[in-house]
Amino acid sequence: MWKMSTEEKRKLGTGLGLLSPEDLNKALEIIAEKNPNFQATAEEVDLDMDAQSESTLWKLKFFVREALEGSSGKSSMSGRGNDNNNAKRKREICDALAKTTKKRSKKPSSYVYFIV
């Protein structure tokens with residue numbers, strides 16, 4: 001397994017921001033598997049991609065790719081009751097990613113911030 005480049009980590013962070021709330025929670029659980037100190041259930045999550053093991057990063061990359069490829073067909077089958085919650089969750093994630101962009105001058109470029 002080769003080392004993930006900074007560009008790949010950046011793309012992975014972007015992909016994480018596009019996940020549905022359910023898939024984002026699954027992704028955070030993947031991180032928590034190898035990192036017992038990681039607070040996957042916290043309301044706000046700071047994710048330092050450089051601090052993650054290569055196996056975790058690659059597992060995340062494949063999960064994100066599958067989740068995003070599958071989401072295009074899923075959305076029409078999902079119930080209407082969750083649409084409001086999903087829209088709110090996506091807005092929160094987008095806001096969190098916007099904050100990450102502002103923090104980039106202070107933190108490494110492979111740092112991702114989420115509000116869960």
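User: Is tryptophan 58 buried or exposed?
Analyst: Tryptophan 58 is buried, with a relative accessible area of 9%. Buried here means under 20% relative accessible area, exposed over 50%, and partly exposed in between, using a 1.4 Å probe and protein chains only. Keep in mind that this is a predicted model: local features need pLDDT of at least 70, side-chain atom pairs count only at pLDDT 80 or more, and totals for chains, interfaces and linings use all residues. Residues are numbered from 1 along each chain as its sequence is written, and side-chain values use heavy atoms, with hydrogens and water left out.

User: OK. How many aromatic pairs are there?
Analyst: The count is two. Rings of Phe, Tyr and Trp (its six-membered ring) pair if their centres lie within 6.5 Å; planes under 30 degrees apart count as stacked, over 60 as edge-to-face and the rest as tilted. Tryptophan 2 and tryptophan 58 are edge-to-face because their planes sit at 80°, with ring centres 5.4 Å apart.

User: Where do those two tryptophans sit in the chain?
Analyst: In distant parts, 56 residues apart: tryptophan 2 is in the segment before α1 (6-18), and tryptophan 58 is in helix α3 (residues 54-74). Helices (H or I, at least four residues) and strands (E, at least two) are DSSP runs, numbered from the N terminus. Tryptophan 2 is exposed, at a relative accessible area of 61%.

User: And what kind of pair do tryptophan 58 and phenylalanine 62 make?
Analyst: A tilted one, since the planes are at 35° and the ring centres 6.2 Å apart. Both residues lie in helix α3, four residues apart, about one turn of the helix. Phenylalanine 62 is partly exposed, with a relative accessible area of 42%. Put together, ring pairs link Trp2, Trp58 and Phe62 into a cluster.

User: Why does that spacing matter in a helix?
Analyst: An α-helix has 3.6 residues a turn, so residues three or four places apart point the same way.

User: Switching to charges. How many salt bridges does the structure hold?
Analyst: Five. A salt bridge is a side-chain nitrogen of Lys or Arg within 4 Å of a carboxyl oxygen of Asp or Glu. One of them joins glutamate 7 and arginine 10, at 2.5 Å, N to O. Both of these residues lie in helix α1, three residues apart, about one turn of the helix. Glutamate 7 is partly exposed at 38% relative accessible area, and arginine 10 is also partly exposed, at 37%.

User: What about lysine 61, which residue does its side chain meet in a salt bridge?
Analyst: Glutamate 8, at 3.5 Å, N to O. Lysine 61 is in helix α3 and glutamate 8 in helix α1, so this pair ties together parts that are 53 residues apart in sequence. Lysine 61 has 27% relative accessibility and counts as partly exposed; glutamate 8, at 22%, is partly exposed too.

User: Does lysine 9 come out buried or exposed?
Analyst: Buried, with a relative accessible area of 5%. Lysine 9 forms a salt bridge with aspartate 50, and the closest N and O atoms are 2.7 Å apart. Aspartate 50 is in the loop between β1 (44-48) and α3, while lysine 9 is in helix α1, so the pair ties together parts 41 residues apart in sequence. Aspartate 50 is partly exposed, with a relative accessible area of 44%.

User: What else is buried in α1?
Analyst: Besides Lys9, the buried residues there include Leu12, Gly13, Gly15, Leu16 and Gly17.

User: Now the core. Which residues have the most contacts inside the largest nonpolar core?
Analyst: Leu12, Leu16, Leu19, Leu28, Phe38, Leu60 and Phe63, in a core of 20 residues. A nonpolar core is a set of buried Ala, Val, Leu, Ile, Met, Phe, Trp, Tyr and Cys residues joined through side-chain atoms within 4.5 Å. α1, α2, β1 and α3 each supply at least two residues of this core, and the largest share, six residues, comes from α3.

User: Last one: where is aspartate 23?
Analyst: In helix α2 (residues 21-34). Aspartate 23 is buried, with a relative accessible area of 8%. Leaving aside neighbours within four places in sequence, aspartate 23 is in contact (heavy atoms within 4.5 Å) with Phe63 and Ala67.
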